[in-house]
Amino acid sequence: MRFSGWRILKEGLTGNSGWTPQWRDPEPKEAYDIVIIGGGGHGLSTAYYLAREHGLRNVAVLEKGWIGGGNVGRNTTIVRANYGLPGNSEFYSHSLKLWEGLEQELNYNVMFSQRGVINLYHSDGQRDAFVRRGNAMVNQGDDAILLDRAALRRKLPYLDFDTARFPVLGGLYHPRGGTARHDAVAWGYARGADSRGVDLIQNCEVTGIDIDAGRVTGVQTSRGAIRAGKVGIVVAGRSSQVAAMAGLRLPIESHVLQAFVTEGLKPVIDQVVTFGMGHFYISQSDKGGLVFGGDLDGYASYAQRGNLPLVEHVMEAGMALMPMIGKARVLRSWGGIMDMSPDGSPVIDRTGIEGLYLNCGWCYGGFKAVPASGHCFAHLLATDRPHAAAAGFRLDRFRSGEGIMDEEATGAQHNLH
Amino acid sequence: MRISCPLCGPRDRREFYYRGAAVALQRPAADAGEDAWQAYVFLRDNPAGVTRDLWYHAQGCGAWLVVTRDTASHEILATELAAEVAS
């Protein structure tokens, strides 16, 4: 079924009786050419691009819960391409270009809104670092504009510019960045993959990975054994558990990141605003809620909830930056499981076990990567060669030390990103 | 989350700095080879359940602690002085 304005009008006049489910609910087959473990954003986009770019349709996505029930439905929906290091830069640039064509390609309204991302700076040194980052973004072919204080004041008049600790001196403005409706991204890719023949199998938890003489042969699941020529692990915060089924130990530590939403308000924050020095960022959803968050709680966790010290810190940082939000009431908060890698950059690579592939380490930035991660992982699964835009995301970079992508320059070490 | 320091008693999580999995107590020999060093520096069990990690009581007595903790529930199961665990 194709969506269009005409279709909405027609269904509105005929009692909305013509809508059909957007994907099937198939029983798992005995065997597939490729099995993707994990029906989140990255797994679904991988399946979609396998079918669309490579004509591989004998593919299953195994999801232990339901489509859109994991991190893809629990994030703060920010899309941007403002990375500074080779390896990351071209990848996120590639992803942003895919985002820009996504709604037309999927025939699905993901509410992609290029409202702009503004990173604030508070010192001459930080401004210089942003000038460098902005130049890297422009060299990559993306957009970056340095705003001085007067220009920033015109865009964000509501900031408290003159706090003693972090006076706001300006910002790096990335106009093509913005937000998207996260659920719709999962649903759009799911519908696109399903319509091309991919089986999306929900409530199907993988409990084992079958390996014979160094080669993957299939998976054991809560719905029976499924044979597979190739298996891709795309399970974000649970990467260590699934990889352990194949005897692998990963350079991943799972941490909790909290986020918060207020009651709906009239439009007041037009862009995504990040206050790095205070560990705070914010945008306003199309429904009106202020969506904001801060840093990791700072300890390994699978609890999907955080602790109060970080809640207090985020609220303090928000109040310091924009006191006007103080009367907004927080409706809810939650925590997600982040697959933190030692250098803060992801892995899209083979594993050393023939036919077993790995996609993980997205830390707290996986949402914006959904299109390119799937696009590049599908390329690797289909051709056995890394996609040019993701060639730096090697698993062995931690062993060799070559090609570490430490965007924050804090050191390639757990617990520093 | 409150951590019970063996020296100071139960204290707020904010007093402690987290250093990650307690592998730091099993530092390999300098000539142990790349595999051992990669495992020590980068590879982690990362369990969804009981784990042992290192916390530093930075705003308290300054002791390093080995904390046995459930990552799925945030329950603290045991705390020990790292100096005693390592000896």
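## Contact between chains A and B

The contact between the two chains takes 21 residues from chain A and 20 residues from chain B, where two residues are in contact if their C-beta atoms, placed from the backbone, lie within 7 Å. This is a predicted model, in which local features need pLDDT of at least 70, side-chain atom pairs count only at pLDDT 80 or more, and totals for chains, interfaces and linings use all residues. Residues are numbered from 1 along each chain as its sequence is written, with chains lettered from A and ligands numbered from 1 in the order in which they are written.

On the side of chain A that touches chain B, the elements giving two or more residues are helix H7 (239–244), strand S12 (253–264), strand S15 (289–300) and helix H10 (397–400) of chain A. Helices (H or I, at least four residues) and strands (E, at least two) are DSSP runs, numbered from the N terminus. S15(A) gives the most to this side, with 3 residues. By class, this side of chain A has 10 nonpolar, 8 polar and 3 charged residues; Ala, Val, Leu, Ile, Met, Phe, Trp, Tyr, Cys and Pro count as nonpolar, Asp, Glu, Lys and Arg as charged, and the others, Gly among them, as polar.

## Domains of chain A

Chain A is divided into domain 1 (27–114 + 177–251 + 342–417) and domain 2 (115–176 + 253–340), with bounds that come from an automatic or database domain assignment. Taken over C-alpha atoms, the centres of domain 1 of chain A and domain 2 of chain A are separated by 26 Å. Their contact takes 31 residues from domain 1 of chain A and 30 residues from domain 2 of chain A.

Helix H3 (88–106), strand S7 (178–179) and H7 of chain A are the elements that give two or more residues to the side of domain 1 that touches domain 2. H3(A) gives the most to that side, with 4 residues. The residues on that side of domain 1 of chain A divide into 9 nonpolar, 19 polar and 3 charged.

## Packing of H3 and H9 in chain A

H3(A) also packs with helix H9 (residues 370–383) of chain A, at an angle of about 105° and with the axes 7 Å apart. Axes are lines fitted to C-alpha atoms, for helices over the stretch in contact, and angles run from 0 to 180 degrees between N-to-C directions. H3(A) and H9(A) are therefore roughly perpendicular to each other; angles under 35 degrees count as roughly parallel, over 145 as roughly antiparallel, 65 to 115 as roughly perpendicular and the rest as oblique.

From H3(A), the residues Phe91(A), His94(A), Ser95(A), Leu98(A), Trp99(A) and Leu102(A) meet Pro371(A), Ala372(A) and His375(A) in H9(A). The contact of H3(A) with H9(A) has 6 nonpolar, 3 polar and no charged residues.

## Open sheet of chain A

In chain A, 8 strands form an open sheet with mixed pairing, in the order S5-S6-S4-S13-S14-S15-S12-S16; two strands pair if DSSP finds at least two bridges between them. Strand S5 (145–147) and strand S16 (330–340) of chain A are the edge strands, each pairing on one side only. From one strand to the next, the twist averages 20°.

Strand S4 (residues 117–121) and strand S6 (residues 170–174) of chain A run antiparallel and are joined by 5 bridges. In this pair, Ile118(A) stands opposite Tyr173(A) in S6(A). Helix H4 (residues 124–139) of chain A packs on the sheet, touching S4, S5 and S6 of chain A, and its direction makes about 15° with that of S6(A). Helix H8 (residues 308–321) of chain A lies across S12, strand S13 (272–275), strand S14 (280–284), S15 and S16 of chain A, running at about 135° to S15(A).

## Chain B

Chain B has 2 helices and 6 strands, in the pattern β-β-β-α-β-β-β-α along the sequence. Its C-alpha trace spans about 40 × 25 × 20 Å along the principal axes.

In chain B, 4 strands form an open sheet in the order S3-S4-S5-S6, with antiparallel pairing. Strand S3 (17–21) and strand S6 (76–81) of chain B stand at the edges with a single partner strand each, so one side of each is left without a neighbour in the sheet. The twist averages 30° from one strand to the next. S3(B) runs antiparallel to strand S4 (residues 50–56) of chain B, and 4 bridges join them. The bridge partner of Ala21(B) in S4(B) is Asp53(B).
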